[in-house]
Amino acid sequence: MLHKLRQIAMMVNDLPEAIDLYGSVLGMAPSRAGALPQFGLENAVLAAGNGTFVELLAPSNGDSAGARFLQRRGEAPYMVIFETTEYDRLMPHLRDMGVRITGETQHDGSRSAFLHPASCNGAFLEIMEVSDPTNPWPAAGPDWQSASHQPSTLQLRQVAIIVHDLDAAIAHWSALFGLQPTKRFQISFTDLEIAVLPLGDRKPFIELAQPTSDDSPSGRFLARYGEGIYLTIYQIADSLATDAYLQSLDGIRFTTSRRTDNYTNLGFNSIWLHPATFKGAFTQLSQVLDPENPWPPAGDDWFRE
């Protein structure tokens with residue numbers, strides 16, 4: 001019932017500074033920017049490639065939910081935005097499941113609902129249906145499809161949600177949205193057990209991840225912050241070129257799979273941007289190496305089903 005992973009929203013203190021950072025590091029440029037007075041926020045929507053986007057949010061009101069989030073959590077991923085083609089079916093289903101829907105909106109040829117993090121393993125979700133036939137994603141502005149600027153990322157591919165109990169989380173997301181994993185595996189260098197769940201168009205994915213050790217970065221993250229958005233994953237075309245470019249920038253902390261102990265070839269090369277230098281967003285950039293599988297983390301046969 002979730003058709004596409006369209007957008008991830010990041011809460012930041014300084015919007016112009018964040019726009020500059022995403023532009024310099026990932027080549028992303030705003031397709032829309034403005035005020036969201038109903039939420040006490042200012043925002044900029046940046047193209048991430050292939051009709052996917054990053055939204056940068058900064059509070060304009062000290063009493064807003066965004067301001068309280070920053071005070072409690074600091075700069076960090078804030079919300080994941082999905083597109084659905086079954087809004088009228090999905091909303092009653094979620095209410096029957098006891099999901100907390102904190103609000104609904106209708107504007108710009110779309111309608112959406114906000115799902116409270118307590119109902120979605122700590123992840124704040126927005127579910128949107130688009131009804132404007134002339135613009136498949138109004139949130140990005142009316143002209144994003146004709147923009148000449150292209151980011152250095154190919155698309156937003158996957159968002160990881162860190163959870164306490166992977167089995168329970170899989171069952172929960174299946175009950176809410178009808179999602180089932182195509183692959184489940186452990187990666188030793190991250191101390192995570194992972195399940196990858198494709199959405200309706202089988203191109204972007206949600207990843208549910210459970211730490212296998214308390215004494216690991218992911219285990220400490222879960223202990224400190226609880227369940228929620230952990231990692232944002234973009235697909236890139238050339239990891240070697242990206243690595244060389246990042247080395248030319250000042251103050252950007254990152255590592256790569258070529259310099260990672262216990263890394264095994266999973267069909268892609270990856271670069272990880274440290275959240276301390278990327279506005280609290282733990283970010284992975286992955287180049288696919290397998291010529292026969294467009295996204296190896298999802299398994300060997302998901303795209304043939």
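Predicted model: local features only at pLDDT ≥ 70, side-chain atom pairs only at ≥ 80, totals over all residues.
Reader: How many aromatic pairs does a search of the whole structure find?
Author: The search finds 13.

Reader: Take Tyr 22 and Phe 278. How far apart are the ring centres, and at what angle are the planes?
Author: The centres are 4.6 Å apart and the planes are at 45°. Stacked needs under 30 degrees and edge-to-face over 60, so this pair counts as tilted.

Reader: Where do Tyr 22 and Phe 278 lie?
Author: Tyr 22 is in helix H1, residues 15-26. Phe 278 is in the loop between strand E15 (268-273) and strand E16 (283-288). The pair therefore ties together parts 256 residues apart in sequence.

Reader: Are Tyr 22 and Phe 278 buried or exposed?
Author: Both are buried.

Reader: Next, Tyr 78 and Phe 124. What kind of pair is that?
Author: Edge-to-face, because the planes are at 80°. The ring centres are 5.4 Å apart.

Reader: Which elements hold Tyr 78 and Phe 124?
Author: Strand E5 (residues 76-83) holds Tyr 78. Phe 124 sits in the loop between strand E7 (110-115) and strand E8 (125-130). So the pair links parts that are 46 residues apart in sequence. Tyr 78 and Phe 124 are both buried.

Reader: Which residues form one aromatic cluster with Tyr 78 and Phe 124?
Author: Phe 39, Phe 69 and Phe 114.

Reader: Switching to charges. What lies over the face of Tyr 225?
Author: Arg 73, at 3.7 Å from the ring centre.

Reader: And over the ring of Phe 185, what sits there?
Author: The charged end of Lys 183, 5.0 Å from the centre of that ring.

Conventions:
Residues numbered from 1 in each chain as written. Heavy atoms only, no water. Phe/Tyr/Trp six-rings, centres within 6.5 Å; stacked < 30°, edge-to-face > 60°. Helix = DSSP H or I, 4+ residues; strand = E, 2+ residues; numbered from the N terminus. Buried < 20%, exposed > 50% of the residue type's maximum accessible area, 1.4 Å probe, protein only. Lys NZ or Arg CZ within 6 Å of the ring centre and 35° of its normal.
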